[in-house]
Amino acid sequence: MPVEFLGIAATGDGSETTPRTTAAFDRDYTLRLARAHEDHGWDRVLFAYGAGAPEPAASAAYLASHLDRLQILLAHRPNVSYPTFAAKTFATLDRISDGRLTVHFITGGNDHEQRREGDFLTKDERYERTREYIGIVKKAWTSREPFDHEGPHYRFEDFVSDVFPVQQPRPAVSFGGSSDAAYAAGGAEADIYCLWGEPLARTAEQIERVREAARAAGRTDLPRIQVAFRPIIAPTEELAWEKAHRTVAAIRARRAADRPASGRTAGRTAGPATPEAVTPENVGSQRLIEIAEAGERYDRALWTPTAAATGGAGNSNALVGTPETVAQALLDYHDLGVDILSARGYHLLDDAIDFGRYVIPIVREEVAKRDAAKAAEQAARDEQAARDERAERDRRQLIAVQA
């Protein structure tokens, strides 16, 4: 099973631990960070979405026009544009990038964040809309004939696009969530299903839920699985854990500094900014808090205080240790069936370089060894089966001659 690595395509240099020193969209920093990923073994980067943040499709087009290899995962919320318009935007971007686009559809897990841009649907209604939206986008990407649509949320007549993706039959669709509604929608529509980093046993349960939903939707193929972490690495275990504790202290200090001015955490440029809440609305964040309350350390290297310090905000569970320890932890998830590993450090540029230099090669080398071993085992089984078949054929011929 091949393995891929997803990083972050931030347009500014801020994170949960450090205030931003650049503009919200800084061309030089955006390109510098992306080049660091491309030059250090990453496969693709995510352009995240947040109300008020730089528009990710335009940012992605800028990056795609300057880099030749790095692939793009573009986050998109269905409430911000009509699906026919979005389909043309995505197809155009796939043309600009020469077929390097994947689209990540975000239903929205926080009512306040959704209402910032005029979305007042309930969560269940949003999932219904997302599923309808993805279906329209897929059809617009692939239909050469005009078509009509009338559904719960969208209605139009005689639409046909004049721009189609480079990728055939279409770009991949990415989706995430941990609720029953998310599993149902993503299981039906997603090529890639995205999860936040949880303990191995719970991740295995979620993967099975996704696969069950895909089968229930009548699919014969199954979504690829992506899991996201915040790696904290250092040359020794002791230094890694010292760094981890400094990181949590910096997160808490940053949130405390931001809170008095606005009543909510502010300035997160690596992902959507959402109001701090005692109990998050989305199931994924609720799960992260539940896991953190049950314990700080799980499995080989999973550490939950980073998630607890952010209130379960998004991708926030850490993997802590030396590059070798973190690589082995990632391989544990790969053994579960995860083939896309998402990682984002707290110092975006330096961590992207260090992770690419010291972790990615270990994982790739080990996956290649395991794949080669599996291929050899399969070849041996095939050869034994062929020998058994020849022996049985010879036995039957001998019986026929003797008869």
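Throughout these legends, a residue is called buried under 20% relative accessible area, exposed over 50% and partly exposed in between, with a 1.4 Å probe and protein chains only. The views show a predicted model, in which local features need pLDDT of at least 70 and side-chain atom pairs count only at pLDDT 80 or more, while totals for chains, interfaces and linings use all residues. Residues are numbered from 1 along each chain as its sequence is written, and side-chain values use heavy atoms, with hydrogens and water left out.

View 1. Because Glu 392 and Arg 396 are four residues apart in helix 13, about one helical turn separates them; helices (H or I, at least four residues) are DSSP runs numbered from the N terminus. Arg 396 is exposed, with 56% relative accessible area, whereas Glu 392 is partly exposed at 28%. Elsewhere, salt bridges with shared partners join Glu 4, Arg 44, Arg 224 and Asp 339 into one network.

**View 2. Salt bridges link Arg 215 to Glu 208 and Asp 221 to Arg 219.** The structure holds 29 salt bridges. In the pair of Arg 215 and Glu 208, the N to O distance is 3.4 Å; Arg 215 is partly exposed at 44% relative accessibility, and Glu 208 is partly exposed at 33%. The side chains of Asp 221 and Arg 219 meet at 3.0 Å, N to O, with Asp 221 partly exposed at 41% and Arg 219 buried at 15%.

**View 3. Helix 12 packs with helix 13 at an angle of about 30°.** The axes of helix 12 (residues 348-358) and helix 13 (residues 360-402) lie 4 Å apart; axes are lines fitted to C-alpha atoms, for helices over the stretch in contact, and angles run from 0 to 180 degrees between N-to-C directions. Phe 355, Gly 356, Arg 357 and Tyr 358 of helix 12 make the contact with Ile 360, Pro 361 and Ile 362 of helix 13, contact meaning heavy atoms within 4.5 Å.

**View 4. Phe 90 and Trp 141 form an aromatic pair between helix 3 and helix 5.** A search of the whole structure finds 17 aromatic pairs, defined as rings of Phe, Tyr and Trp (its six-membered ring) with centres within 6.5 Å, planes under 30 degrees apart being stacked, over 60 edge-to-face and the rest tilted. The ring centres of Phe 90 and Trp 141 are 6.2 Å apart and their planes stand at 65°, so the pair is edge-to-face. Phe 90 lies in helix 3 (residues 83-96) and Trp 141 in helix 5 (residues 123-142), so the pair ties together parts 51 residues apart in sequence. Phe 90 is buried at 2% relative accessibility, as is Trp 141 at 0%. Ring pairs link both residues into a cluster whose members include Tyr 82, Phe 105 and Tyr 133.

**View 5. Arginine side chains lie over the rings of Phe 164 and Tyr 346.** Arg 144 lies over the face of Phe 164, at 3.7 Å from the ring centre, and Arg 230 over the face of Tyr 346, at 4.1 Å. A charge sits over a ring if NZ of Lys or CZ of Arg is within 6 Å of the ring centre and within 35 degrees of the ring normal.

Conventions
Helices (H or I, at least four residues) and strands (E, at least two) are DSSP runs, numbered from the N terminus. A salt bridge is a side-chain nitrogen of Lys or Arg within 4 Å of a carboxyl oxygen of Asp or Glu.
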